Amino acid sequence: MFDFNSTSYKEFLKNFRNDPEKKRVIVFAGNFAENRKYALSQFETEVMGDSVHVSLEDHISGSESETYKKLDQLFDRLSSIRSLIIFNNAEQLCGVYVGHTYSVVKYATPQEKYFIKKLAELNSPCIIEFENLNHIDKAIERTADAVIRFNVPSSRIEKLFFWLSQVRVNGSNLPSRRPV
């Protein structure tokens, strides 16, 4: 786990550049969407062919059997692809907090475990995008070759632009501190 634009990130990108055919699972996590988009474009330029974007919102549901069927169909289509696969809206995979209200243990859902199993069968590199670092659980961290954090900016000007980008009409998209 390392931050965007750190020396570890640059080293990982260099290794990815030198061997783009190697299967890798990369997790992008963090609220700073502008940097996430820039990093995504960096990885896309390193891979031959067009990258494939998949919204997990369309494939993960509350019903296990329905999700398994949709994931089987999705991964059958993706098995022939040899370029970068980008899974958007990965919050759909989120585990749940159990026990009392202030539980800090987060468990993987059966849908997430099945997704990870199918992910291991792919022969191409993939990126899993989380908008919030707090949504990642240990199962995804163990699966990933790298977890790249996109933290909120630290300088005043960056903070101002970040704050302006977070404002939404009626507060409908304000990020919560803890997933429910």
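Figure 1. Phe43 has a relative accessibility of 0%, so Phe43 counts as buried. Phe16 is also at 0% relative accessibility and counts as buried. This is a predicted model. The model holds 13 aromatic pairs. In one of them, the ring centres of Phe16 and Phe43 lie 5.0 Å apart, with the planes at 70°. That angle is over 60 degrees, so the pair is edge-to-face. Phe16 belongs to helix α1 (residues 7-18) and Phe43 to helix α2. The pair links distant parts of the chain, 27 residues apart.

**Figure 2. The Phe87 and Phe115 pair.** These two rings form an edge-to-face aromatic pair. The separation is 5.2 Å centre to centre, and the angle between the planes is 85°. Phe87 sits in strand β4 (residues 85-88), whereas Phe115 sits in helix α4. The pair therefore ties together parts that are 28 residues apart in sequence. Phe87 is buried, at a relative accessible area of 0%. Phe115 is buried too, with a relative accessible area of 0%.

Figure 3. Ring pairs join Phe2, Phe4, Tyr9, Phe12, Phe16, Phe28, Tyr38, Phe43 and Phe150 into a cluster. Phe16 and Phe43, the pair of Figure 1, are among them. Phe12 is another member. Over the ring of Phe12 sits the charged end of Arg24, 5.7 Å from the ring centre.

Figure 4. Arg36 lies in helix α2 (residues 33-46). Its relative accessible area is 8%. Buried means under 20%, so Arg36 is buried. Neighbours within four places in sequence are left aside here. Arg36 then contacts Phe28, Gly30, Asn31, Glu129, Phe130, Glu131 and Phe150.

**Figure 5. Leu122, a buried loop residue.** Leu122 is found in the loop between α4 (110-119) and β7 (126-130). Leu122 is buried, at a relative accessible area of 2%. Leu122 touches Lys23, Phe75, Leu78, Ser79, Ile85 and Phe87. Val25 is 97 residues from Leu122 in sequence, yet the two are 9.9 Å apart in space, C-alpha to C-alpha.

Key:
Residues are numbered from 1 along each chain as its sequence is written. This is a predicted model: local features need pLDDT of at least 70, side-chain atom pairs count only at pLDDT 80 or more; totals for chains, interfaces and linings use all residues. Side-chain values use heavy atoms; hydrogens and water are left out. Helices (H or I, at least four residues) and strands (E, at least two) are DSSP runs, numbered from the N terminus. Buried means under 20% relative accessible area, exposed over 50%, partly exposed in between (1.4 Å probe, protein chains only). Contact means heavy atoms within 4.5 Å. Rings of Phe, Tyr and Trp (its six-membered ring) pair if their centres lie within 6.5 Å; planes under 30 degrees apart count as stacked, over 60 as edge-to-face and the rest as tilted. A charge sits over a ring if NZ of Lys or CZ of Arg is within 6 Å of the ring centre and within 35 degrees of the ring normal.
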